[in-house]
Amino acid sequence: MSNETVLVTGGTGFLAGHCVVQLAEAGYRVRFTVRSVDAARQAHQTLEAAGAPTGAMEFAVADLTADANWTEAVRDCDYVLAVASALPRRVLRTDGSVTDVPKDAALRVLRAAGDAGVRRVVLTSSFAAIGYGYPRSRTEPFTEENWTRHDSLSVPPYIRARTLAERAAWARAEEGGPELSVVNPVGIFGPVLGSRLPGSVGIVKAMLEGELPRTPRLWTSVVDVRDVADLHIRAMTRPEAAGERFLAASGDAVSYHHIARTLRDRIGDRAARVPARDMSSAYVRAMAPFVPAFRQFRRNLDIVRHTDSSKARGLLGWEPRPPEDAITATARSLIDRDLLSR
């Protein structure tokens with residue numbers, strides 16, 4: 001058993017939950033943050049059901065949007081996994097700038113960690129901070145060397161906010177304090193632990209429930225949540241990870257059509273409503289004014305953002321599952337937990 005304590009922010013979240021489970025199984029003492037005692041009870045039940053040892057976990061009530069309780073939350077911790085991100089519904093201000101809430105949240109955790117003498121913070125950023133604002137025709141794969149061009153008018157407010165938050169964290173780390181490593185996941189798939197579902201899992205859910213008659217011409221890179229949690233722990237413990245960012249992707253981008261085909265090939269009868277054909281981009285654009293979901297698709301139609309995660313593989317020995325396995329695990333967990341509409 002390890003004598004080290006790790007704080008994981010946002011214990012009710014999809015990725016944070018898997019981080020807690022893997023840390024507890026590895027023998028760490030784990031403290032996770034929640035916004036309320038009621039949320040802590042829910043998180044404990046979910047994590048225990050997932051196999052996390054009861055005696056290895058404790059919680060702290062702390063909100064990323066307020067200073068209160070963070071000193072207590074990080075006290076006596078050796079490491080912090082800053083997994084949760086504070087993103088309000090209204091990211092864009094009336095003057096066209098993005099809110100500082102995500103940036104302030106990241107800095108709040110870093111300051112508290114520095115004051116507590118934490119050795120290293122691993123910040124969960126996103127591919128959103130890497131691969132946007134570039135020409136649609138780009139064919140080179142994105143790596144950790146790339147940064148989203150947040151001043152581009154084509155970059156949505158959410159993505160600008162995530163990018164500015166990570167840049168602020170790196171600037172803060174240069175001033176001193178704990179070591180910083182950053183993980184930038186692409187679309188996170190894999191087995192769900194509770195009923196809170198991230199957007200990428202929602203793609204699989206929508207296909208299984210027949211919400212899409214055909215698949216739009218969209219692409220996404222895929223990574224399994226269990227592999228992202230594993231990469232966080234490697235970034236936390238490996239000396240060579242200090243001061244580095246790691247793109248977490250299990251392979252190059254795959255199309256929504258490929259996701260649908262994987263579900264039909266592997267899930268059997270429960271994939272009966274999964275679309276078998278593509279939807280033309282011209283049709284999506286024409287219907288976007290009338291179909292809210294199509295308006296979300298429109299910005300990224302026919303764009304393939306290639307990814308290269310060889311840095312995490314080479315430097316940290318990270319070996320993620322194939323995209324198809326992550327997609328399959330997502331579907332099976334939704335079915336097993338009865339989270340699909342009949």
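Mentor: S1 and S2 pair in the parallel sense, over four bridges. Strands here are DSSP runs (E, at least two residues), helices are DSSP runs too (H or I, at least four), both numbered from the N terminus, and two strands pair if DSSP finds at least two bridges between them. This is a predicted model, in which local features need pLDDT of at least 70 and side-chain atom pairs count only at pLDDT 80 or more, while totals for chains, interfaces and linings use all residues. Residues are numbered from 1 along each chain as its sequence is written, and side-chain values use heavy atoms, with hydrogens and water left out.

Trainee: Which residue in S2 is the bridge partner of Val6?
Mentor: Val30.

Trainee: And why is S2 called largely enclosed?
Mentor: Because five of the six residues of S2 (residues 29-34) are buried. Buried means under 20% relative accessible area, with exposed over 50% and partly exposed in between (1.4 Å probe, protein chains only).

Trainee: What does S1 join on to besides that?
Mentor: Three bridges join S1 (residues 5-8) to S4, and the two run parallel. Val8 stands opposite Leu81 there. S4 is also joined to S5 (residues 120-124), again in parallel, by four bridges, with Ala82 opposite Leu123.

Trainee: Are the faces of S4 covered or open?
Mentor: Both are covered: Tyr79 and Leu81 are buried on one side, Val80 and Ala82 on the other.

Trainee: Switching to the core, which residues have the most contacts inside the largest one?
Mentor: Val8 and Leu263, in a nonpolar core of 83 residues. Helix H1 (residues 14-25) gives the most to this core, with eight residues. Such a core is a set of buried Ala, Val, Leu, Ile, Met, Phe, Trp, Tyr and Cys residues joined through side-chain atoms within 4.5 Å.

Trainee: What does Leu263 touch?
Mentor: Its contacts (heavy atoms within 4.5 Å) include Val204, Met207 and Ile327, not counting residues up to four places away in sequence.

Trainee: New topic: where does Arg305 lie?
Mentor: In the loop between helix H10 (292-298) and helix H11 (310-316). Arg305 is buried, with a relative accessible area of 17%. Among the residues it touches, not counting those up to four places away in sequence, are Phe127, Tyr132 and Asp252.

Trainee: How far apart are the C-alpha atoms of Arg305 and Val223?
Mentor: They are separated by 14 Å, with the residues 82 apart along the chain.
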